[in-house]
Amino acid sequence: MFQIPIAVALAITLHSVLSPDLTTAVAFVESSYRCEAVSSAGALGLMQVKPIAAEAVGEPRADLLDCAVSVRIGSTYLKGLIDRFGETDGLRAYNCGPTGARRNPQCGAAYAEKVQDTRDALRAAWDSPWE
């Protein structure tokens with residue numbers, strides 16, 4: 001389940017501003033570790049970042065299909081949401097936007113649970129010190 005491509009592991013190790021296990025879990029849930037992933041909603045790359053999120057962290061022209069760029073921008077954006085709302089609500093906001101998460105408490109709830117469950121499975125598989 002968690003065979004992480006070396007390019008993804010390096011991007012997460014070198015460019016994430018969050019813990020590696022949380023970033024790895026988000027990348028798995030969002031794109032199954034595919035740097036070239038494109039969603040029907042317009043989200044791009046490993047972390048499935050929308051261009052508006054790149055703008056929010058000051059990088060409006062970023063190449064979101066580049067693994068390292070996606071990790072840097074996605075983790076920076078998610079860290080801001082977690083700092084603002086806490087982990088679970090920050091994950092919800094990452095999934096459905098801050099406004100959507102505020103308006104609808106169920107929006108993104110299943111996503112947040114899936115990311116947290118994936119992180120827990122990663123920790124168990126890695127015997128992780130990041131608890």
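Me: What secondary structure does the protein chain have, helices or strands?

Reply: The protein chain of this predicted model has 6 helices and 0 strands, and read from the N terminus the elements run α-α-α-α-α-α.

Me: And what is its radius of gyration, next to that of a compact globule?

Reply: The protein chain has a radius of gyration of 14 Å, which agrees with the value near 14 Å that a compact globule of 131 residues would have. Along the principal axes, its C-alpha atoms fill a box of roughly 35 × 30 × 25 Å.

Me: How much of the protein chain counts as buried?

Reply: Of its 131 residues, 42% count as buried. As for contacts, if you take those in the protein chain with a separation of 6 or more, 48% of them are between residues 24 or more positions apart.

Me: OK, what about the largest nonpolar core, how many residues are in it?

Reply: That core has 34 residues, and the ones with the most contacts inside it are Val26, Tyr94 and Val115. The helices α1 (6–15), α2, α3, α4, α5 and α6 each supply at least two residues of this core, while the largest share, 9 residues, comes from α4.

Me: Which residues does Val26 touch, leaving out those up to four places away in sequence?

Reply: With those left out, Val26 touches Met47, Leu78, Leu91, Tyr94, Tyr111 and Val115. Two of these, Tyr94 and Val115, are also named with Val26 as having the most contacts inside the core.

Me: Can we look at α1? Which residues are buried there?

Reply: In α1, Val8, Ala11 and Ile12 are buried, and they lie on the same side of α1 because they cover an arc of only 95 degrees around the axis.

Me: Then what covers the buried residues of α1, and which exposed residues are on the face turned away from its buried side?

Reply: What covers the buried residues of α1 includes α2 and α4, whereas the face turned away from the buried side carries the exposed residues Ile6, Thr13 and Leu14.

Me: New topic: how many disulfides are there?

Reply: A search of the whole structure finds 2 disulfides. One joins Cys35 to Cys67, with an S to S distance of 1.4 Å, and the other joins Cys96 to Cys107, with an S to S distance of 2.4 Å.

Me: Where do Cys35 and Cys67 lie, and are they buried or exposed?

Reply: Cys35 lies in the loop between α2 (20–31) and α3 (51–56) and Cys67 in helix α4 (residues 67–85), so the pair ties together parts that are 32 residues apart in sequence. Both Cys35 and Cys67 are buried.

Me: And where are Cys96 and Cys107?

Reply: Cys96 is in helix α5 (residues 87–103) and Cys107 in the loop between α5 and α6 (109–126), 11 residues apart. Cys96 counts as partly exposed because its relative accessibility is 23%, and Cys107 is partly exposed too, with a relative accessible area of 21%.

Me: What is the pairing if I number the bonded cysteines in sequence order?

Reply: Numbered that way along the protein chain, the pairing is 1-2, 3-4.

Me: How many salt bridges are there?

Reply: The structure holds 7 salt bridges. Among them, Asp21 forms one with Arg123, the closest N and O atoms being 2.6 Å apart. Asp21 lies in helix α2 and Arg123 in helix α6, so this pair ties together parts that are 102 residues apart in sequence.

Me: Are Asp21 and Arg123 buried or exposed?

Reply: Asp21 counts as buried at 0% relative accessibility, and Arg123 counts as buried at 17%.

Me: What about Lys79 and Asp83, where do they lie?

Reply: Lys79 and Asp83 both lie in helix α4, 4 residues apart, about one turn of the helix, and their side chains meet in a salt bridge at 2.8 Å, N to O. Lys79 counts as partly exposed at 32% relative accessibility, while Asp83 counts as exposed at 56%.

Me: Last one: which residues are linked in a network of salt bridges?

Reply: Those are Glu87, Arg119 and Asp120.

Definitions and conventions: Residues are numbered from 1 along each chain as its sequence is written. This is a predicted model: local features need pLDDT of at least 70, side-chain atom pairs count only at pLDDT 80 or more; totals for chains, interfaces and linings use all residues. Side-chain values use heavy atoms; hydrogens and water are left out. A disulfide is a pair of cysteine sulfur atoms within 2.5 Å. Buried means under 20% relative accessible area, exposed over 50%, partly exposed in between (1.4 Å probe, protein chains only). A nonpolar core is a set of buried Ala, Val, Leu, Ile, Met, Phe, Trp, Tyr and Cys residues joined through side-chain atoms within 4.5 Å. Contact means heavy atoms within 4.5 Å. The arc is that of the directions from the helix axis to the C-beta atoms. A salt bridge is a side-chain nitrogen of Lys or Arg within 4 Å of a carboxyl oxygen of Asp or Glu. The radius of gyration is taken over C-alpha atoms; the globule rule is 2.2 Å times the number of residues to the power 0.38.
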